[in-house]
Amino acid sequence: MKKIFVILLLLPLFSCNDWLNVESEKSVTYLNYFKSESDLESSLIAMFGYEERICAWGMLRTFDRVGLPCDEFGNWEGYRKLDPGNFFGVQYMESWGTHYSAIYLANMLEENRFRFENISEDRAEYWLAQANFVKAYMYFDLARNWGDVPLAPGTESVVEVPKTSVDTILQEAIRCAEKALILPTYDKLMDANGTAVPSKQYASLGTVHTLLANIYAWMGGLYGKEEYWKKAEEHASLVIDNKVGIYDLEKTVAAVVNNTLGPVRNSLETIFSIAINEQDADRYWSTVFECCYPGCYLVAYPYNGKTVQEFEDDRNNAKITIGTVENIYPEEEDVRRKEFWKDLGKVVSHREPVWDVNDEGEWVETKDSVDVLSKYAFINKWNKPINSVNPSVTEAGEAFLLAMDGDRVVWRLADLILLRAECRARLKMPAAVDDLDRIRERAGLEKYSGSKDPEVLRKEIFYERERELFGEGQRYFDIVRNGYYREQYPYKYPNTSQNYRKEGYLLSKQYAELTDDDIKNGALYLPVGRKSLDNNTVVKQNIYWLWHQE
């Protein structure tokens, strides 16, 4: 992908953080723009920059933190306890400004289509469809994270607008996505120069149907209507059945780690990903580890330069115990135990001396010593480290580990297959088990032999998503979509009838104690960020967080 410095070229054309302070005289600026496909592609690449800031900026988003099933979470523990002190923290409180900047650019292209020159009709439609996918994804992400949000006005409007219902926002996401259904399959995508596009950040027909499947599944969870589950199943089937592009599961879990999530960046399993590379991510002066996936927050041994004992003693680190991992992956033959985790249960923390009584009856240290195994598990799902090459950074001994190599995969085929399985379970379709088994078999497991009761099966699919997509950012939304928030906080596992307390792990019960009114008032959404409230004075805080803000 081209370096995203082109965003700088577009800065005079739009307001970076919101669409409330747009000046109408910028129409004059547009007179010398939109003269070629390259101009349209530059606008799209600027939108890609906003996608990266939202999906892969290197700092976990709030619900990434809430959804990560680890035992210790350091300074971020309050997020999993609905602690207002964390949700309203100045440093981490999320704003939706980036979403609206991307939406603004998409609207800008549509509103100025009459200015396009030297661009054929079909190529104009192509770039507008790309923009509409971005807009659809942004509205979907806004709806999942904040619920009711403003519907962006025209790019030259200076009128402040209030929130719109989440249903309206989701319908707008569907409308925009359907406008993008004219896109070709990913193997036929071309850039402004007529060159084939290798990046799956460019939307294709398969990407759009995957987005629609996710939107309808989310609406099914919100409203409990069978029609939404049917539409989600239909859109997912088009992708899974290779009717809108060729997709396939990697043959092994190891190939998923290396090809799909890792440095190879070339996998038929990838549906939509955010391109991350050394050209776009200039890390020379960086001293901060990029946490592009929630699971990367657990990256430690052997990649972070600390001894295992140093890691264990640091209370600021997120940690997950061996017992927790074994509960998530209860079947020993599950290949993901080996591929997603580094030497599970075999990592040596330190060596301790052996003491014995000498002839005088005194306790003395012998020459022998024994290995002490760590009680923690160490993630290996991302295992190709990128270390600093800047001597001023490495000599100081700080932040030499900068990132784990690979793109940020938003959707992959295994995710979509399990989402379809959930939809089919909701619809009482026997084929739900076939989808579940397809993922289980790749993981080296026998076919599912449990109850076919739709609710029991749906719960098993939820746990299979947790196993397969561990640390990839889906879990919180899976919990909310399925309505499992009261039982998953505190955490429960499929093979135990009581709250999980092994190794001292027990989450706060705030989520478990939420009332129906709390949910209706917005407890499962983010509070509106201070910056968003300041930029739009007619927007109000949602009721739950208004009552709980400090």
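# Notebook: salt bridges, a helix pair and some backbone details

I began at proline 302, which I found in the loop between β3 and α12. The peptide bond that joins tyrosine 301 to proline 302 is cis, with omega at about 0 degrees. I note at the outset that this is a predicted model, and I read each entry below with that in mind.

**Overall counts.** I looked up the secondary structure and found 23 helices and ten strands in the protein. Of its 550 residues, 59% count as buried. For the accessible surface I noted a total of about 22,900 Å², with 49% of it belonging to carbon and sulfur atoms. I then turned to contacts between residues at least 6 apart in sequence, and found that 72% of them join residues at least 24 apart.

**Two residues with positive phi.** I checked asparagine 118, which is not a glycine and yet has a positive phi of about 60 degrees; this residue sits in the loop between α6 (97-111) and α7. With a relative accessible area of 67%, lysine 428 is exposed.

**Helices α3 and α7.** How are α3 and α7 oriented to each other? I read an angle of about 15 degrees between them, with the axes 10 Å apart; because angles under 35 degrees count as roughly parallel, I recorded α3 and α7 as roughly parallel to each other. Their crossing is left-handed. On the α3 side the contact is made by residues including Glu37, Leu40, Leu44, Met47 and Ile54, and on the α7 side by residues including Trp127, Phe133, Tyr137, Met138 and Asp141.

**Salt bridges.** I counted 47 salt bridges in the structure, and I followed three of them in detail.

Aspartate 141, one of the α7 residues in the contact with α3, forms a salt bridge with arginine 61, and the closest N and O atoms of this pair are 2.8 Å apart. The two residues are 80 residues apart in the chain, with arginine 61 in the loop between α3 (37-55) and α4 (62-67) and aspartate 141 in helix α7 (residues 121-146). Arginine 61 is buried at a relative accessible area of 16%, and aspartate 141 is buried at 1% relative accessibility.

Which residue forms a salt bridge with lysine 319? I found that the partner is glutamate 72, the closest N and O atoms being 3.7 Å apart. Lysine 319 lies in the loop between α12 (308-313) and β4 (320-321) and glutamate 72 in the loop between α4 and α5 (84-87), so this pair ties together parts that are 247 residues apart in sequence. Lysine 319 is buried, with a relative accessible area of 1%, whereas glutamate 72 counts as partly exposed at 29%.

Arginine 442 belongs to helix α17 (residues 431-442) and glutamate 269 to the loop between α11 (253-260) and β3 (270-274), and they are 173 residues apart. Both residues of this pair are buried. I then traced shared partners, and found that salt bridges join Arg442 and Glu269 into one network with residues including Asp334, Arg336, Lys381, Arg412 and Arg467.

Methods:
Residues are numbered from 1 along each chain as its sequence is written. This is a predicted model: local features need pLDDT of at least 70, side-chain atom pairs count only at pLDDT 80 or more; totals for chains, interfaces and linings use all residues. Side-chain values use heavy atoms; hydrogens and water are left out. A salt bridge is a side-chain nitrogen of Lys or Arg within 4 Å of a carboxyl oxygen of Asp or Glu. Helices (H or I, at least four residues) and strands (E, at least two) are DSSP runs, numbered from the N terminus. Buried means under 20% relative accessible area, exposed over 50%, partly exposed in between (1.4 Å probe, protein chains only). Contact means heavy atoms within 4.5 Å. Accessible areas come from the Shrake-Rupley method with a 1.4 Å probe; for residues, only the protein chains shown count as cover. Axes are lines fitted to C-alpha atoms, for helices over the stretch in contact, and angles run from 0 to 180 degrees between N-to-C directions. Angles under 35 degrees count as roughly parallel, over 145 as roughly antiparallel, 65 to 115 as roughly perpendicular and the rest as oblique. A crossing is left-handed if the near helix is turned anticlockwise from the far one by less than a right angle, and right-handed if clockwise.
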